Amino acid sequence: YLFVGSFRWVKEKDNALYIKKQTGIERYTDMNGISIRALKRIEQLDDGELLISTTGQGVAFLSNNNEFRFLTTEDGLSSNLIRDVFVPSKDTLWVATEDKGLNRVILSPQGNVQSVGHIAIQDGLIDNSLHRIIEDAYGFFWINSNKGLMSLRKSSTNSFLDGHAEYVHIQSFTEKDGLLN
């Protein structure tokens, strides 16, 4: 559940996006008749917009005027199978995909995509199937995957994606390090 104002947003068994109203729970469609088919995660941004991770539709944004817009492979994402989106600032999204690694999306002040960078197994990830992205107080991203936990320094990750570094320093923790699976 996510409460926004007087609305309760709900993910049901079919993974679609529903809204709870006084009359009951209804599958949600925007002003253009578009709905979310496979919701993974939902959160509210500072401006009130909803950010929705989906399986198949990429990253969805539901504006305050009841209209979806999508960030997909057509915009440069490596996959439309999204498990998590971390939003450290208004102009940057870190996107964890189910099958093709990590994406950094830089947005213009108007919300348009300026650039998308990718990090995958060939760049040092232990797996391309990522789950959650968390930033700690020391400037590290912690990302869990199907094969373990990874720690990436945010500054070196940005340097790599900006073309200023040849590699990303990634520290991995797996069952060999004592993690339970």
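## Aromatic contacts

W142 is partly exposed, at a relative accessible area of 29%, and F173 is also in the partly exposed class, with 23%. That class lies between buried, under 20% relative accessible area, and exposed, over 50%, computed with a 1.4 Å probe on protein chains only. The model is predicted: local features need pLDDT of at least 70, side-chain atom pairs count only at pLDDT 80 or more, and totals for chains, interfaces and linings use all residues. Residues are numbered from 1 along each chain as its sequence is written, and side-chain values use heavy atoms, with hydrogens and water left out.

The whole structure holds 5 aromatic pairs. One of them is W142 with F173, a stacked pair with 5.9 Å centre to centre and 25 degrees between the planes. It links distant parts of the chain, since W142 belongs to strand β14 (residues 140–145) and F173 to strand β16 (residues 170–173), 31 residues apart. For pairing, the ring centres of Phe, Tyr and Trp (its six-membered ring) must lie within 6.5 Å; planes under 30 degrees apart count as stacked, over 60 as edge-to-face and the rest as tilted. Strands here are DSSP runs of E with at least two residues, and helices are runs of H or I with at least four, numbered from the N terminus.

Ring pairs also join Y28, F68 and F70 into a cluster. A charge contact involves R69, which lies over the face of F61 at 4.2 Å from the ring centre. The criterion places NZ of Lys or CZ of Arg within 6 Å of the ring centre and within 35 degrees of the ring normal.

## The four-stranded sheet

An open sheet of 4 strands runs in the order β5-β6-β7-β8 with antiparallel pairing. β5 (39–44) and β8 are the edge strands; each has a single partner strand, so one side of each lacks a neighbour in the sheet. From one strand to the next the twist averages 20 degrees. Strands pair if DSSP finds at least two bridges between them, and axes are lines fitted to C-alpha atoms (for helices, over the stretch in contact), with angles from 0 to 180 degrees between N-to-C directions.

β5 is joined to β6 (residues 50–54) by 5 bridges, and the two run antiparallel. R41 has S53 of β6 as its bridge partner, while I42 stands opposite I52 in β6. The hairpin of β5 and β6 has 5 residues between the strands, and G48 there takes a positive phi near 95 degrees.

## A second hairpin

β9 (residues 82–89) and β10 (residues 92–97) pair in the antiparallel sense over 5 bridges. I82 stands opposite T97 in β10.

Which non-glycine residue has a phi near 70 degrees? N15 does, in the loop between β2 (7–11) and β3 (17–21). N15 is partly exposed, with a relative accessible area of 31%.

N66 is not a glycine either, and its phi is positive at about 70 degrees. The loop that holds N66 lies between β7 (59–62) and β8 (68–71). With 29% relative accessibility, N66 counts as partly exposed.
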